[in-house]
Amino acid sequence: MLSVLLITFPFFALVLCGYLAARCGVLPQPAIPGLNAFVLYFALPCMLYRFGASTPIAQLLDPAVAGVYVLCALVMVGATVALTRKAHIGWNDAAFGALVAAFPNTGFMGVPLLVALLGAQSAGPAIVTIVVDMVITSSLCIALSRLDGAGTHGVGVALKNAFKGMATNPMPWSIALGALASALQFKLPGPVDKTIAMLADAASPVALFTIGAVLARSQMNQHEQVPARDYVPVALAKLLVHPLLVWAVGTAAIAVGVPLTPFALTVLVLLAALPSASNVSLLAEKFGANNGRVARIILVSTALAFLSFSAAVALLT
């Protein structure tokens with residue numbers, strides 16, 4: 001356990017640094033979107049491209065990994081909506097609560113953390129889950145959020161906006177280009193490759209620092225009181241129920257002959273044990289959900305994940 005904590009500590013310490021920088025005013029709130037844009041549009045796409053280009057195409061198109069992960073995501077979304085939708089929590093808030101219960105912080109935290117723990121071969125399954133969460137899980141939850149008539153637009157407009165958002169998101173395009181480069185065995189010219197490598201190397205520290213700053217900003221900008229019973233159970237479901245569900249479904253899939261390797265299952269379980277994705281807070285705000293509740297779920301899951309994720313690593317590796 002101590003050896004695992006020695007590896008995971010710097011990652012969570014960077015999140016804490018970003019949180020404290022924003023809370024103490026060292027990092028002004030207007031600067032946070034700039035950091036987010038650097039990670040989203042420059043550093044992270046370069047990192048995903050490099051991982052995609054260096055990963056065998058078969059790992060990037062693994063139907064067993066995608067199938068197990070999609071099934072678990074659907075169960076998490078359905079169960080969370082069913083258990084949390086109450087008189088004061090409509091479809092809109094329940095749907096975004098379900099999204100943070102099923103959507104781990106794979107892009108900003110998971111890929112660099114798992115590569116450090118398990119090696120570069122863990123990037124393949126991780127990239128598959130990023131695509132699933134961006135294309136399927138997010139779109140499903142956005143569609144569900146429209147069912148109670150929240151907001152001014154219907155389901156069709158919401159889905160159109162969701163797909164427009166995915167089309168303008170550089171992450172899936174960088175993954176696709178990396179996969180194409182892997183399939184064609186394409187190598188970038190030396191100077192270009194070096195430039196991309198420098199940006200990719202900046203992705204992990206800046207992304208983790210930005211997560212902390214975004215969490216601090218969300219907390220500082222929310223003044224309403226949210227009962228702990230409305231967000232703590234969802235945070236615990238993300239950290240405990242989600243990885244246990246992935247482990248159970250993956251183990252059953254292997255038992256019935258699905259070609260899922262034990263290593264890929266380990267990667268999927270550890271991804272599911274990650275805290276909630278911080279970008280869900282931005283989606284919740286855009287679609288008029290209770291962002292205070294969503295931000296608290298993300299904050300609690302991120303704080304507790306230092307111990308719970310490290311414990312999961314110690315158990316599985």
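Biologist: How many residues does helix H9 have, and what distance does H9 reach from its first C-alpha to its last?

Modeller: This is a predicted model, in which local features need pLDDT of at least 70, side-chain atom pairs count only at pLDDT 80 or more, and totals for chains, interfaces and linings use all residues. Residues are numbered from 1 along each chain as its sequence is written, and side-chain values use heavy atoms, with hydrogens and water left out. Helices are DSSP runs of H or I with at least four residues, numbered from the N terminus. The expected span, 1.5 Å times one less than the number of residues, is 21 Å for H9 (residues 170-184), and H9 comes close to it, with 15 residues and a reach of 21 Å.

Biologist: Which helices are included in what covers the buried residues of H9?

Modeller: Buried means under 20% relative accessible area, with a 1.4 Å probe and protein chains only, and the buried residues of H9 include Met 171, Ile 175, Gly 178 and Ser 182. The cover over such residues includes helices H2 (32-54), H3 (57-60), H6 (106-118) and H7 (123-145).

Biologist: How are H2 and helix H10 oriented to each other?

Modeller: Axes are lines fitted to C-alpha atoms over the stretch in contact, and angles run from 0 to 180 degrees between N-to-C directions. H2 and H10 (residues 190-220) pack at about 140 degrees, with their axes 7 Å apart. Angles under 35 degrees count as roughly parallel, over 145 as roughly antiparallel, 65 to 115 as roughly perpendicular and the rest as oblique, and therefore H2 is oblique to H10.

Biologist: Which residues of helix H12 does H6 meet?

Modeller: H6 and H12 (residues 262-272) pack at an angle of about 135 degrees, with their axes 11 Å apart, and the two helices are therefore oblique to each other. From H6, the residues Thr 106, Gly 110, Leu 114 and Leu 118 take part, and in H12 they meet Phe 263, Val 267, Leu 270 and Leu 271.

Conventions. Buried means under 20% relative accessible area, exposed over 50%, partly exposed in between (1.4 Å probe, protein chains only). Contact means heavy atoms within 4.5 Å.
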